[in-house]
Amino acid sequence: MRILLVEDDPEQLEPLEGVLSEAGYIVDGVEDGETAQWLLSKKDYDLLILDWMLPTISGLSLCRQYRLLGKTAPVLMLTAKDTTLDKVTGLDAGADDYLVKPADLIELLARVRALGRRSPQWVGDSLSVADLQLHLSNLTVERNQVCVELSPREAQLLEYLMRHRNQVLTREQIEEALWEWGREPESNALTVLVRKLRHRLQLVGAVDWIKTVYGMGYSLKAPDNFNTY
């Protein structure tokens, strides 16, 4: 998942961003509502984590604006406000979940996983395409009872391809999805990453599932005998 994390305190933003990145998520971390508002106009996110109290534009206002645009990605509010009325206010503004600061990092990850399960491709605690399963909790891919470990970046690429299975994704789309805002990949970074992921998939008998569409990009497609999944 690609996550927008908005927290105006750098001492809290850094550990939150770090633990989410280590868990395999792609995180755009910003410290103010104006930058967050601009990013939301340019990018699609799978989850928003918003600090309630932000300068100029609050997290609550960001959430309301986001819902008014018809956006449906889950929103997790982070705030020191912990009264029932505060929680109701946040939920009524369009938030899906609520975590009181200072956030416990283990609980944060659990809530993020729970919100991520809203994808129709989730099966239990995994993403699945046909009989290929990606376990994001431990960054492994499994098929035919063979389980192989992935690097965080390999898992991110496979997750993105699985969430958009059978679609032709351009290099630009994939790079924008996988690399954090403000960080440009090297010119051959995606080519190298695809090669590494194909090697991992070879170990589970799925090397041909990633198709190269020349002049366009890549697509993840199960063999024809799995088309009914």
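Strands are DSSP runs of E with at least two residues, numbered from the N terminus, and the views below are of a predicted model.

**View 1. His 135 in strand E8.** Strand E8 spans residues 132-135 and includes His 135. Because its relative accessibility is 15%, His 135 counts as buried, the cut-off for that class being under 20%. When neighbours within four places in sequence are left aside, the residues in contact with His 135 are Ser 126, Thr 140 and Glu 142.

**View 2. The buried face of helix H3.** Helix H3 covers residues 59-68, and its residues Gly 59, Leu 60, Leu 62, Cys 63 and Tyr 66 are buried. Seen down the axis of H3, these buried residues fall within an arc of 160°, so they line one face of the helix. After H3 comes Gly 70, which has a positive phi, near 85°.

View 3. Cys 147, by contrast, counts as partly exposed because its relative accessibility is 47%, a value that lies between the 20% and 50% cut-offs. With a disulfide taken as a pair of cysteine sulfur atoms within 2.5 Å, the count of disulfides comes to 0.

**View 4. The second largest pocket.** The space in the second largest pocket amounts to about 170 Å³. Its lining consists of 12 residues, and those nearest the centre of the pocket are Lys 43, Glu 176, Trp 179, Arg 183 and Glu 184. By class, the lining of this pocket comprises 8 charged, 3 nonpolar and 1 polar residues.

How values were computed. Residues numbered from 1 in each chain as written. Predicted model: local features only at pLDDT ≥ 70, side-chain atom pairs only at ≥ 80, totals over all residues. Heavy atoms only, no water. Buried < 20%, exposed > 50% of the residue type's maximum accessible area, 1.4 Å probe, protein only. Helix = DSSP H or I, 4+ residues; strand = E, 2+ residues; numbered from the N terminus. Arc of directions from axis to C-beta. Contact = heavy atoms within 4.5 Å. 1 Å grid on protein atoms, 1.4 Å probe; cavity = no way out; pocket = protein on both sides within 12 Å on 5 of 7 lines; lining within 4 Å. Points joined across faces, edges and corners; volume = space filled by probe spheres on them. Nonpolar A, V, L, I, M, F, W, Y, C, P; charged D, E, K, R; others polar.
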